[in-house]
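Hi,

Have a look at it first, then read on.

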Amino acid sequence: MSTPHISANVGDFAETVLMPGDPLRAQYIAENFLDDAVQVTGVRNMYGFTGTYKGKPVSIMGSGMGIPSMSIYARELIVSFGVKNIIRIGTCGGIGSDIKIRDVIFAQGASTDSNVNRARVRGTDFAAIANFDLLLNGVNAAKDLGIDAKVGNVFTTDTFYQADDTFYKDLDKLGVLAVDMETAGLYGVAAEYGAKAMALFTVSDHVITGEATPADERQTTFNEMVKIALESI
Ligand SMILES: O=P(O)(O)O[C@H]1O[C@H](CO)[C@@H](O)[C@H]1O
Ligand SMILES: O=c1cc[nH]c(=O)[nH]1
């Protein structure tokens with residue numbers, strides 16, 4: 001059975017799917033972290049894989065960039081392939097003054113400049129929040145691995161290149177930790193279709209200070225986040 005964007009059979013995906021934005025990162029994770037990983041979809045080169053981690057079935061699939069792309073894949077995974085848990089593993093821009101590049105951040109909630117969650121409930125402000133169990137398991141896994149992760153509100157934007165960069169300073173005053181481009185949409189889709197979702201990121205750059213992770217270090221910090229996500233399952 002296939003959907004417009006996923007060519008796979010029912011049962012090809014595990015109940016838990018980890019989703020980085022980049023499909024090549026999905027492939028990297030499948031090849032380096034899973035046992036017996038097989039590719040289960042590849043429509044538009046948005047690769048998805050299923051294998052096991054420490055004996056537990058798990059899938060990894062790219063989400064693409066932005067709420068519309070993530071929302072399409074998350075909905076199809078939940079509604080057509082029976083996926084119960086989606087864990088976004090992404091990169092983000094740091095906002096808070098105590099946020100450093102390479103930090104790991106859990107998105108407890110996701111504010112947004114997108115209209116998708118208002119559209120869900122008659123124009124009201126739906127609070128896009130992580131599933132508590134997934135969040136708790138993730139935070140505990142980070143602790144067990146000795147990784148000092150931050151937990152809090154993030155901001156999901158439709159606009160990677162902000163016209164007015166003082167915008168981030170206003171978010172900082174409200175205690176927002178970081179910016180990404182998918183999480184508020186993922187949390188809304190999961191709530192609408194009865195699945196659990198949670199997102200964690202590594203900070204690739206700081207949108208106020210301009211500091212950025214050197215390319216050769218990105219893989220190491222990315223690996224830590226993947227390990228947290230896999231250990232949390
Ligand atoms: O690294 P990923 O998961 O793609 O996440 C971040 O990187 C992309 C922007 O460069 C956006 O998708 C943003 O959310
Ligand atoms: O969405 C993102 C991700 C990383 N850095 C940003 O500025 N935005």
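**Around the ligands**

Starting with ligand 2: the residues around it are Thr 91, Cys 92, Gly 93, Phe 160, Val 179, Asp 180, Met 181, Ser 204, Asp 205 and Val 207. The elements that give two or more residues to this shell are β5 (85-94), β8 (178-180) and β9 (196-206), and β5 has the largest share, with three residues. By class, the shell around ligand 2 splits into five nonpolar, three polar and two charged residues. Do keep in mind that this is a predicted model.

Ligand 1 has Pro 20, Gly 21, Asp 22, Met 65, Gly 90, Thr 91, Phe 160, Asp 180, Met 181 and Glu 182 around it. Four residues of that shell are nonpolar, three are polar and three are charged.

**The fold as a whole**

The protein has seven helices and nine strands. Its C-alpha trace spans about 45 × 45 × 30 Å along the principal axes. How does the radius of gyration of the protein, 17 Å, sit with what a compact globule of 233 residues would have? It agrees, because such a globule would come out near 17 Å. Of the 233 residues, 48% count as buried. Among contacts between residues at least 6 apart in sequence, 74% join residues at least 24 apart.

On the annotation side, UniProt (an unreviewed entry) puts "domain: Nucleoside phosphorylase" at residues 17-225. That span is 35% helix and 30% strand, and its end C-alpha atoms lie 15 Å apart.

**Inside the protein**

The largest nonpolar core has 72 residues, and Ile 86, Ile 105, Val 154, Ala 178 and Leu 200 have the most contacts inside it. Helix α2 (residues 67-81) gives the most to this core, seven residues. As a rule, nonpolar side chains in soluble globular proteins tend to be buried together.

Leaving aside neighbours within four places in sequence, Ile 105 is in contact with Cys 92, Ala 149, Lys 150, Val 154, Leu 177, Ala 178, Leu 200, Phe 201 and Val 203.

Cheers

Note on methods: Residues are numbered from 1 along each chain as its sequence is written. Chains are lettered from A and ligands numbered from 1 in the order in which they are written. This is a predicted model: local features need pLDDT of at least 70, side-chain atom pairs count only at pLDDT 80 or more; totals for chains, interfaces and linings use all residues. A residue is near a molecule or strand if its C-beta atom, placed from the backbone, lies within 6 Å of it. Helices (H or I, at least four residues) and strands (E, at least two) are DSSP runs, numbered from the N terminus. Ala, Val, Leu, Ile, Met, Phe, Trp, Tyr, Cys and Pro count as nonpolar, Asp, Glu, Lys and Arg as charged, and the others, Gly among them, as polar. UniProt positions are given in the numbering used here, feature names are shortened, and annotations may be inferred rather than shown by experiment. The radius of gyration is taken over C-alpha atoms; the globule rule is 2.2 Å times the number of residues to the power 0.38. A residue is buried if 20 or more other C-beta atoms lie within 10 Å of its own, exposed if 12 or fewer, and partly exposed in between; C-beta atoms are placed from the backbone. Two residues are in contact if their C-beta atoms, placed from the backbone, lie within 7 Å. A nonpolar core is a set of buried Ala, Val, Leu, Ile, Met, Phe, Trp, Tyr and Cys residues joined through C-beta atoms within 7 Å.
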